Amino acid sequence: FGSELTVSKTSRFNLCIDGVFLCCFSNELCSSGTLLQRWNVPPDLQLSRQVAGTGVPGKKGTNSVLVLIVGLSSLGAGAYVSRKVVPGKKLHDDSSASGLQNKQNRLSHLSPAAPGTHPKVPSHVPFLLIGGGTAAFAAARSIRARDPGARVLIVSEDPALPYMRPPLSKELWFSDDPNVTETLRFKQWNGKERSIYFQPPSFYVPVEDLSSVENGGVAVLPGKKVVHMDVRGNTVKLSDGTQISYDKCLIATGGSPRNLPAIERAGKDVQKRLTLFRKIEDFRRLEKISREVKSITIIGGGFLGSELACALGRRARTRGLEVIQLFPENGNMGKVLPEYLSNWTTEKVRREGVNVLPNAVVKSVSVSGNRLVIKLKDGRKVETDHIVAAVGLEPNVELAKSAGLEVDSDFGGFRVNAELQARSNIWVAGDAACFYDIKLGRRRVEHHDHAVVSGRLAGENMTGAAKPYWHQSMFWSDLGPNVGYEAIGLVDSSLPTVGVFAKATAKDTPKSATEQSGTGIRSESETEAEASEVQLSESSSPTPHVPTQGEDYGKGVIFYLRDKVVVGIVLWNIFNRMPIARKIIKDGEEHEDLNEVAKLFNIHED
Ligand SMILES: Cc1cc2nc3c(=O)[nH]c(=O)nc-3n(C[C@H](O)[C@H](O)[C@H](O)COP(=O)(O)OP(=O)(O)OC[C@H]3O[C@@H](n4cnc5c(N)ncnc54)[C@H](O)[C@@H]3O)c2cc1C
């Protein structure tokens, strides 16, 4: 391993024991004790010891930050269905929005048209949620939980009912069902089957019934974009001219995938062979393409690009598809993971059948004959048939202009306070929110669990809770069923890290984690009261195993440090320990001995 480490000019020494390097700052504690520690100090820091702040201002959407979790056990496992499912009726109409549409069409004659509006849409709703993604759905749930009679309208540009995105780059690709692109049902790593939709159409109230249905409910108006907001008049306008007024409004518009300038400059022939991956339709299209072409190139080394590379790589073996992944960093997930672990991950992705090209910066893309030619800045050329660009996200903030809302100039996204409030009756949640975290400062987070947590909090505050953001969200990424990590806080590879590893067993996999939790989607369930009860008790585990040279980084804990304080933690193939990590970050104490802190995770006891 030693060859992977960069030696600091001044402050570090390496020690080789049994073929394993323990690498420490000379002025910090060195592991002479029990756990194998792996230090990683980015080259810049080795010289300057300058530590990044809360995210990286100026790089909108690229901050490899954070995370956190929250309290819904699983969004899909809702407890507040207020209507009965008719016996014998198919519970899950997987055509999703079309099922709802049919239901609405059947009932449309019952609802009078409001003058000047879409015939089915109420002219006024108490709760209007703009966007039909994870954050909006979580908000709808929490509004209804606190106000069981609430009438909630979700207006979504997406033609589908609210669904979760993580399986689009993971489990759905590993399904044996030839109709998976239609059913959108997938086997979780634990083998249980579920749909990507949070709820079936029967869960929702037809839009035209929302104002009249007893006990209220949640209605979805799919395929409609909100194009204008009159904040003082409490009114929005849809793309078809329909106007709706509201009492309380949530903006949960998420984001749109970025493109590379080099691809934007290229002509339509290139654009036609490009996928920017975000939605169900993108999954359907890419799945089809992967069966038709000979070569696909993924640009981007973050979690989305790496997950798709692994998913497609697996198909490469069976179908002879060439899968190339290229990115500017030295290794996969290089903005998050310390260099040695990023390198390990790159080898893992290669073993999945992917031709990984690190240190690759795209200069131009063109069509030559029937193929795409990607020219790299260092002169290399890559020929391929289709490109997937997974190069980050731009928060959807078009509404800021008409609404007069502030967009954060550093992180992007609508700027809101610690209660996720932009104005007295407007809240923002999910990827589109740049919020004030009372623990870690201003930030914006692009993760599923944050969408759950912030959507839930916004819903609570829309019904009068007046609560600040308190619960650090987490995020996770799986490279197939056998390797995964969960992370919380500021996990940015530009920070110094200390890693503590142990040998993994068959139980230390994402597959096994979902078997144990039974949820399948790794969003934590934790209430504020539960969080304050978390006790950090030291393990009495035996002396840990010290990996031998060449051994995999089976499982471990990586601490991200700002000064001596742990501000971020990655749990590598360790699952269901997030409350401990959250508590360590929440306490914000200085730690002289991270071996001791690592013991709290009991990583050697499983
Ligand atoms: C393929 C994929 C895999 C992922 N995997 C993971 C993972 O493993 N772990 C993790 O933590 N995170 C993951 N994420 C990120 C996570 O899914 C997002 O952070 C989350 O979906 C954000 O939720 P949101 O509600 O803020 O936005 P979105 O889910 O993007 O929803 C926004 C909604 O708003 C609608 N909309 C936008 N503008 C308007 C408008 N003007 N009017 C009406 N509607 C509008 C959009 O159509 C959309 O329905 C993944 C993302 C993708 C794309």
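In this briefing, Ala, Val, Leu, Ile, Met, Phe, Trp, Tyr, Cys and Pro count as nonpolar, Asp, Glu, Lys and Arg as charged, and the others, Gly among them, as polar. With that in hand, the shell around the ligand has 13 nonpolar, 12 polar and nine charged residues. Please keep in mind that this is a predicted model.

**The shell around the ligand**
- The ligand has 34 residues around it, and Ala135, Arg165, Lys170, Arg278 and Asp431 come nearest.
- Several elements supply at least two shell residues each: helix 3 (134–146), strand 5 (151–156), helix 8 (303–319), helix 11 and strand 27.

- The side chain of aspartate 431 places an N or O atom 2.8 Å from an oxygen atom of the ligand.
- Valine 226 takes part through its backbone, where a polar atom is 2.9 Å from a nitrogen atom of the ligand.
- Alanine 252 also uses a backbone N or O atom, which lies 3.4 Å from an oxygen atom of the ligand.
- On its own the ligand has 1,000 Å² of accessible area, and the protein covers 96% of that.

**Two residues with positive phi**
- Most residues other than glycine have a negative phi.
- Asparagine 234 has a positive phi, near 55 degrees, and sits in the loop between strand 9 (226–230) and strand 10 (235–238).
- Asparagine 234 counts as partly exposed because its relative accessibility is 24%.
- Alanine 466 has a positive phi as well, near 55 degrees, and its place is in the loop between helix 11 (448–462) and strand 27 (474–478).
- Alanine 466 has 47% relative accessibility, so this residue too counts as partly exposed.

Note on methods: Residues are numbered from 1 along each chain as its sequence is written. This is a predicted model: local features need pLDDT of at least 70, side-chain atom pairs count only at pLDDT 80 or more; totals for chains, interfaces and linings use all residues. Side-chain values use heavy atoms; hydrogens and water are left out. Helices (H or I, at least four residues) and strands (E, at least two) are DSSP runs, numbered from the N terminus. Buried means under 20% relative accessible area, exposed over 50%, partly exposed in between (1.4 Å probe, protein chains only). A residue is near a molecule or strand if one of its heavy atoms lies within 4 Å of it. A polar contact is a pair of N or O atoms within 3.5 Å; within protein, one must be able to donate a hydrogen and the other to accept it, and residues adjacent in sequence count only if both atoms are side-chain atoms. Accessible areas come from the Shrake-Rupley method with a 1.4 Å probe; for residues, only the protein chains shown count as cover.
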